[in-house]
Amino acid sequence: MGEQVRVAVIGAGVISAAHLKGYAANAEKCVVKAVCDRDLGRAEARCAEFGVAEALGDAEAIWARDDIDAVSICLPHDLHEPFVVRAAAAGKQVLCEKPFALSVASLDRMAAACEQAGVICMSAQVLRFRAVFQAARQFIRSGRLGQIHQTWRRRGGITRSLDQNPWIYNYEKGGSLVVHGFGAHEFDILMWLQDTTCDRVYAAGRANNPIWQSVDEVSSIFHLADGSFGNVRQSLNTLDSGWDEYIMAEHGCLRIAGDRFEWQPVEGEKEVHEHPLDPTAGFAGECGEFVAAIQEQREPEASVRQARWVQAVMEAVELSIKRGVPVDLREEFGDFGPITAS
Ligand SMILES: NC(=O)c1ccc[n+]([C@@H]2O[C@H](COP(=O)([O-])OP(=O)(O)OC[C@H]3O[C@@H](n4cnc5c(N)ncnc54)[C@H](O)[C@@H]3O)[C@@H](O)[C@H]2O)c1
């Protein structure tokens with residue numbers, strides 16, 4: 001492999017622009033050689049926008065190329081497994097959009113293919129690379145909070161029309177927008193911020209708006225390995241958008257919202273920590289971590305092994321809603337490693 005990692009982006013839809021910006025921000029470490037989409041016009045448009053040399057209409061053209069080391073997979077959810085497995089078989093390093101898979105069994109097949117091929121495999125958990133979450137995590141790691149008691153995360157918004165890409169509404173192709181689309185972020189960040197994992201999940205959900213073919217109201221309670229419990233409330237029907245987190249702990253309460261986190265100790269003055277929100281900076285960090293892990297031949301942050309936790313939580317949430325009882329993650333899915341590389 002040359003000094004720069006040579007990347008192809010597969011799928012030239014909405015999120016591909018963020019990956020292309022992310023690689024451009026790491027131009028000293030990588031170069032995007034091609035953008036591929038079965039809609040060649042989309043690939044060409046992204047190439048023109050980001051100065052990429054080659055637009056491809058079929059990913060088959062990538063696999064035999066020895067001038068492409070790595071791929072970003074920016075495809076609908078049901079295509080993640082076939083493309084990750086194919087990329088691994090061709091010896092390509094893989095960054096795959098979230099949710100990594102639609103089931104734990106699928107993630108395990110993908111992880112096995114990458115392990116067998118000896119390629120790095122990373123899940124695009126972009127929130128782990130946002131400045132506000134990284135700073136809040138450092139603050140929590142410093143021990144200022146003491147024992148964490150309970151966490152609330154909330155993600156609401158009004159999403160009622162068919163104004164997005166059609167596959168998102170198709171459960172077979174996209175899974176559930178709440179559980180897989182947004183949950184892949186919410187459940188992962190809840191555990192990752194606290195450096196903890198999940199023992200048991202109890203969830204309730206309702207399917208109301210038929211366009212979703214799935215639940216659009218979900219509340220989930222997580223029994224976490226650090227002795228606390230977490231509560232994630234998600235809705236596609238709130239009249240305003242709410243996206244925040246409160247961590248109630250022994251020494252005070254931490255609140256994360258937008259580009260800041262606030263710490264209100266039980267005794268003393270409130271502290272406000274501002275981390276200006278650059279929406280593309282998370283992707284610069286994510287793509288930078290991917291290429292650095294390839295160059296250094298190490299496990300990346302948000303590796304597929306770590307992503308097994310959020311995959312299992314997503315599946316446990318759906319199982320718990322269906323069964324009406326809590327789901328024990330290890331009983332259901334076996335053993336897991338730590339949730340982070342560091
Ligand atoms: N991190 C985030 O915040 C975030 C935001 C949006 C989307 N995503 C994720 O990114 C992924 C893609 O989502 P999107 O919104 O960009 O979807 P999209 O529908 O906008 O783009 C998907 C693209 O894949 C192309 N495609 C489909 N089948 C193909 C094939 N066989 N070969 C080549 N190209 C093919 C389509 O033509 C389309 O251009 C999903 O996993 C989604 O959840 C992440």
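Tutor: Start with a definition. Helices (H or I, at least four residues) and strands (E, at least two) are DSSP runs, numbered from the N terminus. The model is predicted, so local features need pLDDT of at least 70 and side-chain atom pairs count only at pLDDT 80 or more, while totals for chains, interfaces and linings use all residues. Residues are numbered from 1 along each chain as its sequence is written, and side-chain values use heavy atoms, with hydrogens and water left out.

Student: What makes a space a pocket?

Tutor: Work on a 1 Å grid over the protein atoms alone. A cavity is a set of points where a 1.4 Å probe fits but cannot get out. A pocket is an open set with protein on both sides within 12 Å along at least five of seven lines, and its lining residues have an atom within 4 Å of a point. Points are joined across faces, edges and corners, and the volume is the space filled by probe spheres set on them. By that rule the second largest pocket holds about 260 Å³.

Student: Which residues of its lining are closest to the centre of the second largest pocket?

Tutor: Val119, Ile120, Cys121, Ser303 and Val304, out of 14 lining residues. Helix 5 (104-117) and helix 10 (304-323) are the elements that give two or more residues to this lining. Helix 5 has the largest share, with three.

Student: How does the lining of the second largest pocket divide by class?

Tutor: Ala, Val, Leu, Ile, Met, Phe, Trp, Tyr, Cys and Pro count as nonpolar; Asp, Glu, Lys and Arg as charged; the others, Gly among them, as polar. That gives seven nonpolar, three polar and four charged residues.

Student: What is the volume of the largest pocket?

Tutor: About 1300 Å³. The lining has 45 residues, and Val14, Ile15, Asn165, Trp167 and Ile168 lie nearest the centre. By class, 22 are nonpolar, 14 polar and nine charged. Helix 8 (177-193) is one of the elements that supply at least two residues, and its four are the largest share.

Student: Which domains does the lining of the largest pocket draw on?

Tutor: Domain bounds come from an automatic or database domain assignment. It gives domain 1 (5-125 + 284-303) and domain 2 (128-276 + 306-333). Each supplies at least three residues of the lining. The two C-alpha centres lie 26 Å apart. Contact means heavy atoms within 4.5 Å. On that test, 24 residues of domain 1 are in contact with 23 of domain 2.

Student: Why is Ala302 called buried?

Tutor: Buried means under 20% relative accessible area, exposed over 50%, and partly exposed in between (1.4 Å probe, protein chains only). Ala302 has 1% relative accessibility, so it counts as buried.

Student: Why does Gln297 count as exposed?

Tutor: Gln297 has 53% relative accessibility, so it is exposed. Gln297 lies in the loop between helix 9 (281-296) and helix 10. Ala302 is found in the loop between helix 9 and helix 10 too.

Student: How do you know whether Glu301 is buried or exposed?

Tutor: Its relative accessible area is 12%, so Glu301 is buried. Leaving aside neighbours within four places in sequence, Glu301 is in contact with residues including Arg128, Trp192 and Glu289.

Student: What makes a set of residues a nonpolar core?

Tutor: The members are buried Ala, Val, Leu, Ile, Met, Phe, Trp, Tyr and Cys residues joined through side-chain atoms within 4.5 Å. The largest has 33 residues, and Phe187, Met191, Phe222, Val313, Val317 and Leu329 touch the most other members. Helix 10 gives the largest share of this core, eight residues. A second, separate core of 27 residues includes Ala59, Ile62, Phe100 and Ala113.
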